[in-house]
Amino acid sequence: MARHDDNVVWHDHPVTRTAREQQHGHQGVVLWFTGLSGSGKSTVAGALEQALHRIGVSTYLLDGDNVRHGLCRDLGFSDEDRKENIRRVGEVAKLMVDAGLVVLTAFISPHRAERQMVRDLLEPGQFIEVFVDTPLAVCEARDPKGLYRKARAGELRNFTGIDSVYEAPESPEIQLDGEQLVTKLAAQLLDLLRDRDIIRS
């Protein structure tokens, strides 16, 4: 990690996060979806984003595979690279919250310490941990990318849930049953956002 340069100074700008939130008509927040590969993180996050878009909420979905095509294309899947992957995404999500957006992130993010690292970047209430709790057997049966098959065959190393640990959240803001209908799970998340007065639609 590069040392912080004392000559690099943070600049405050006249348009604040509060002003941006007022323009959007809702608060900026991160919904951090975590769970095993195949648990339904991206599917539920995508369904929620569609529902929010329909009611005029400004959103952006950061997906684990997509960021590895650009922002994190230089990273592999070692513990060190996974940590850096999450750090970069956390910093991007923080900027998007400052822009007043509802940010949805879909990452396995297997380690509690890394999820806490992102939480600590944000102000209290701006980080909502969404645990998509789907049994390993169900995820493996779904196996949409064929990754579990490769991991079981020894063709893919350090695969979360097989030969690399997944640390389930101990106290997420919301825990979803990943075997339920996607529409039901998206509705639960909409209710959560309304209950917290993040959105008003």
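These legends describe close-up views of one predicted model.

Residues are numbered from 1 along each chain as its sequence is written, and side-chain values use heavy atoms, with hydrogens and water left out. Because this model is predicted, local features need pLDDT of at least 70 and side-chain atom pairs count only at pLDDT 80 or more, while totals for chains, interfaces and linings use all residues.

**View 1**
Helix α2 covers residues 41-54. Helices are DSSP runs of H or I with at least four residues, strands are runs of E with at least two, and both are numbered from the N terminus. How far apart should the ends of α2 be at 1.5 Å a residue? Its 14 residues should span 20 Å, and its end C-alpha atoms are 20 Å apart, which agrees. The expected span is 1.5 Å times one less than the number of residues. K41, V44, A45, A47, L48, A51 and L52 are buried in α2. Seen down the axis, these buried residues fall within an arc of 160 degrees, so they line one face of α2. The arc is taken from the directions from the helix axis to the C-beta atoms. Q50, H53 and R54 are exposed on the other side of α2. Buried means under 20% relative accessible area, exposed means over 50%, and partly exposed lies in between (1.4 Å probe, protein chains only). After α2 comes G56, with a positive phi near 85 degrees.

**View 2. Several elements pack against α2.**
The buried residues of α2 pack against the strands β1 (29-34), β2 (59-63), β3 (102-106), β4 (127-133) and β5 (174-177). They also pack against helix α8 (182-195). Contact here means heavy atoms within 4.5 Å.

**View 3. Helix α8 also has a buried side.**
The 14 residues of α8 should span 20 Å at 1.5 Å a residue, and the end C-alpha atoms are 20 Å apart, which agrees. L185, A186, L189, L190, L192 and L193 are buried in α8. They cover an arc of only 160 degrees around the axis, which puts them on the same side of α8. The face turned away from that buried side carries the exposed residues T183 and D195. What covers the buried residues of α8 includes β1, α2, β4 and β5. D197 follows α8 and has a positive phi, near 60 degrees.

**View 4. The largest nonpolar core has 23 residues.**
L31, F33, V130 and L189 have the most contacts inside this core. Two or more residues come from each of β1, α2, β3, β4, β5 and α8. Apart from it lies another core of 17 residues, among them V30, W32, V89 and V118. A nonpolar core is a set of buried Ala, Val, Leu, Ile, Met, Phe, Trp, Tyr and Cys residues joined through side-chain atoms within 4.5 Å. Leaving out residues up to four places away in sequence, F33 touches residues including V44, L48, L104, V130 and L189.

**View 5. S109 carries an active-site annotation in UniProt.**
The "active site" annotation comes from an unreviewed entry. UniProt positions follow the numbering used here, feature names are shortened, and annotations may be inferred rather than shown by experiment. Where does S109 lie? S109 is in the loop between β3 and α5 (112-121). At 3% relative accessibility, S109 counts as buried. Leaving aside neighbours within four places in sequence, S109 is in contact with W32, F33, T34, I86, R115 and Y166.

**View 6. Helix α4 runs from residue 79 to residue 98.**
Its 20 residues reach 29 Å from first C-alpha to last, close to the 28 Å expected at 1.5 Å a residue. The buried residues of α4 include R82, I86, V89 and M96. What covers the buried residues of α4 includes α1 (17-24), β1, β2, α3 (64-67), β3 and α5. Just after α4, G100 takes a positive phi of about 90 degrees.

**View 7. S164 sits in a loop between α7 (147-152) and β5.**
Is S164 buried or exposed? At 16% relative accessibility, S164 counts as buried. S164 touches R82, N158 and F159, not counting residues up to four places away in sequence.
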